[in-house]
Amino acid sequence: ATEVLGGAAAQRWCARHLPGEGEQFWIALDDHDDWFVGPHADMLRATISMTSEGLQLDLLICESKFTSQGSALVNTREELVATASLLRDVLGSSGRDRLDRDAWYSVFVQALGDAPEATVLKDSQRIALLKGEFVLGEVSAMGFIWRVDQEPKELHRCDAPPITIRSFDAR
């Protein structure tokens, strides 16, 4: 449990220092296991901003592992890709044709409202999100692997979806 909390705290600290214009909401995805069929990432940073196209929603998906197992990189990537795929599907433009669209928008807006931050979802934002009157902007993913059995690795970037994985020496 200590490893999980340590990894999550470090992951969130690092993610807070990444660019993101607008109001930020953090969602603990483990609190929403019912959204997923299989493995999924730990956290989601949703950023809401106004652009020339209207309300924009950007997503940063985060996963952290504190491990000595070599499979952590593969597992992290799979969890990030699965989570990004689901959220793109239900919140992206293709999700507007889904029969369960209103249910997804509703549970997502509820999760934003339950976020523990001081940021409060404005009524106009809530209504626009519920009606699907927003643009899904950037969906990116970031994984942190805290390895206790090796030297630190360099920063890796992968495509489709963009994933950043950072390995840290926890010795």
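Trp104 is buried, with a relative accessible area of 14%; buried stands for under 20% relative accessible area, exposed for over 50% and partly exposed for values in between, with a 1.4 Å probe and protein chains only. The model is a predicted one, in which local features need pLDDT of at least 70 and side-chain atom pairs count only at pLDDT 80 or more, while totals for chains, interfaces and linings use all residues. Residues are numbered from 1 along each chain as its sequence is written, and side-chain values use heavy atoms, with hydrogens and water left out.

**Aromatic pairs**

A pair of aromatic rings is described by the distance of the centres and the angle of the planes. Rings of Phe, Tyr and Trp (its six-membered ring) pair here if their centres lie within 6.5 Å; planes under 30 degrees apart are called stacked, those over 60 edge-to-face, and the rest tilted. Four such pairs are found in a search of the whole structure. Two of them, both with Trp35, are set out below.

| Pair | Centre to centre | Angle between planes | Class |
|---|---|---|---|
| Trp35 and Trp104 | 6.0 Å | 70° | edge-to-face |
| Trp35 and Phe108 | 6.4 Å | 40° | tilted |

Trp35 lies in the loop between strand S1 (23-28) and strand S2 (43-51), and Trp104 in helix H3 (residues 101-113), so their pair ties together parts that are 69 residues apart in sequence. Helices (H or I, at least four residues) and strands (E, at least two) are DSSP runs, numbered from the N terminus. The C-alpha atoms of Trp35 and Trp104 are separated by 8.8 Å. The pair of Trp35 with Phe108, which is also in helix H3, spans 73 residues.

Trp35 has a relative accessibility of 7% and therefore counts as buried. Phe108 is buried as well. Ring pairs join Trp35, Phe36, Trp104 and Phe108 into a cluster. Leaving aside residues up to four places away in sequence, Trp35 touches Leu29, Leu86, Trp104, Val107, Phe108 and Ala111, where contact means heavy atoms within 4.5 Å.

**Helix H4**

Which residues of helix H4 (residues 123-131) are buried? They are Gln125, Ala128 and Leu129. Viewed down the axis of H4, these buried residues fall within an arc of 100°, so they line one face of the helix; the arc is that of the directions from the helix axis to the C-beta atoms. Asp123 and Lys131 are exposed and sit on the face of H4 turned away from its buried side. After H4 comes Gly132, which has a positive phi, near 80°.
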